[in-house]
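Trainee: I'm new to this structure and would like a close look at just one part of it. Could you pick a spot and walk me through its surroundings?

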Amino acid sequence: MVNHEKNKSDQEILIDQIEAFAEYLEVEKNYALNTISSYKRDLLKFRSFLNGRSISEWSEIDSDVLNIFVMELRHGNASGKSLKRYLSSIRVFFNYLIANNILQKNPAQSIQTPRLERSLPKTINFDDLTNMMTLNTSSYKELRSVLMIELLYSCGLRVSELVGINLADFDLNEGFVKVMGKGAKARFSPVGETTIGVLKRYLEKRPSCNSEALFLNQKNIRISPRTVQNVVKKRALEVGVSINIHPHMLRHAAATHFLQSSHDLRSVQEFLGHKSIKSTQVYTHLDFLELSKVYDEFHPRAKKMIINSKIKLALHHLKIGVIAHPTDTIYGLGCLANNPGAIQTIVNLKKRDIKKGFILLASNISFLMPYIDSNMNSKLLKKLAKPTETPTTYLVPKSEELSPLLNGDNELLAVRITSDPLITYFCENTGSALISTSANLQGRKVASSTLELKRYFGNDLAFELPPNMYNSEPSKIINLITGERLR
């Protein structure tokens, strides 16, 4: 009787230590609740195994005990991935016990981790995905189902992230939603126009209640992850999808299409909210050629250039200041042509003679018209409006009202029409032409990297887009009036 009570007391101590470990993961390591639950579940199963063998202290565990535990898991048809997770949980827990002077050594370090077959994430047929996101009625339930799928796919969300979205997390003007990821780390995910359209229709039908949650259950409180799983599965069946669809498949599809279009693994990592690039690398093994066709049609349900969160943030900062962005010289400084304060900042940053003037960039001649002489010959305007294969800067008559800050002492204004998707995106979303100049300083110092940008320009830059050498060909300069080529 005494031994039984002692054993019970010892087992309770083990449980208390597991609980203390879980609290450590939450408070000090800031792990996500799902991750903490996974650790606890694995360790409690291990404790149950120890209890069945009358092992009541962690110090009694050696490699033989652990090997027997792994053998039992194998007999229970646990996958190699599950075995690896169990061993990882035990190793981390034992390291915690060592750090707290409860154990002297980690017996799990000598246990060989099972070799895993590398498998690609399962994704969804593209026609099926489209059908799932196509509204057939205006009912509240269908709007809710389609909006869930739209957000899971267009934002690449985890189920827990979708469930946690509040009404106040959306910025519909900028096209963003604030997402709370693993470890309570917030990120801003871009939301496509199609998704915003469904969201607005859903909000019109959403029940009026005190809950701040975007998605509600029948009791008008926040839905659970299980509800999302059931909704996605039911929606798939409604549109005739024969395979078993779960929400994470939509996240995999989003990542696959994103990577195929952008070829930028770091951007996909940020898009998905992965802490480590290793989690993202699995998508590099997918069939890129097939998926590229699909991406241009379906994701991000908009234009061919991937408008990721960095580009949208750059647009936000461009409206108020100076950004650094990729050009043919690796980096350029850019601002809106209708923002005198930002133009003056560039002049100050480059220690530039204010009489020199700038080149104006635009995706369409309409953005340049406020700066060009209104009496300019129509034939010359047509020539200017036509983008050229080689980047070409034209010198044209300037408007009488043109600020000297833009043109300095020059009689002619330097302008360029470009089909570059980044410039196009900025022009169309600001309604303004852009000023872009290389990140060169006096003395031929070239800020060609993020490190050099910070070194030379400090906090004067509102935002920096990653470098990407996309054009090594020097631009031509032509006087549009005389036809003389100056470079």
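Mentor: Let's start with L434, which is buried, its relative accessible area being 4% (buried means under 20%, exposed over 50%, partly exposed in between, with a 1.4 Å probe and protein chains only). Before we go on: this is a predicted model, where local features need pLDDT of at least 70 and side-chain atom pairs count only at pLDDT 80 or more, while totals for chains, interfaces and linings use all residues. Residues are numbered from 1 along each chain as its sequence is written, and side-chain values use heavy atoms, leaving out hydrogens and water.

So where does L434 sit? You'll find L434 in strand β9 (strands are DSSP runs of E, at least two residues, and helices are runs of H or I, at least four, numbered from the N terminus). Strand β9 covers residues 434-438 and runs antiparallel to β6 (residues 359-362), joined by 2 bridges; two strands pair if DSSP finds at least two bridges between them. L434 itself is the bridge partner of L361. Helix α15 (residues 340-350) packs on the sheet here, touching β5 (332-336) and β9, where contact means heavy atoms within 4.5 Å.

Leaving aside residues up to four places away in sequence, L434 touches L318, C335, L336, A337, I359, L360, L361, I423, F426 and C427. Look at A362 too: its C-alpha atom is 6.3 Å from that of L434, though the two are 72 residues apart along the chain.

Zooming out, 8 strands make up this open sheet, with mixed pairing, in the order β12-β4-β5-β9-β6-β8-β7-β13. At the edges stand β12 (463-464) and β13 (476-479), each with a single partner strand, so one side of each has no neighbour in the sheet.

Key. Axes are lines fitted to C-alpha atoms, for helices over the stretch in contact, and angles run from 0 to 180 degrees between N-to-C directions.
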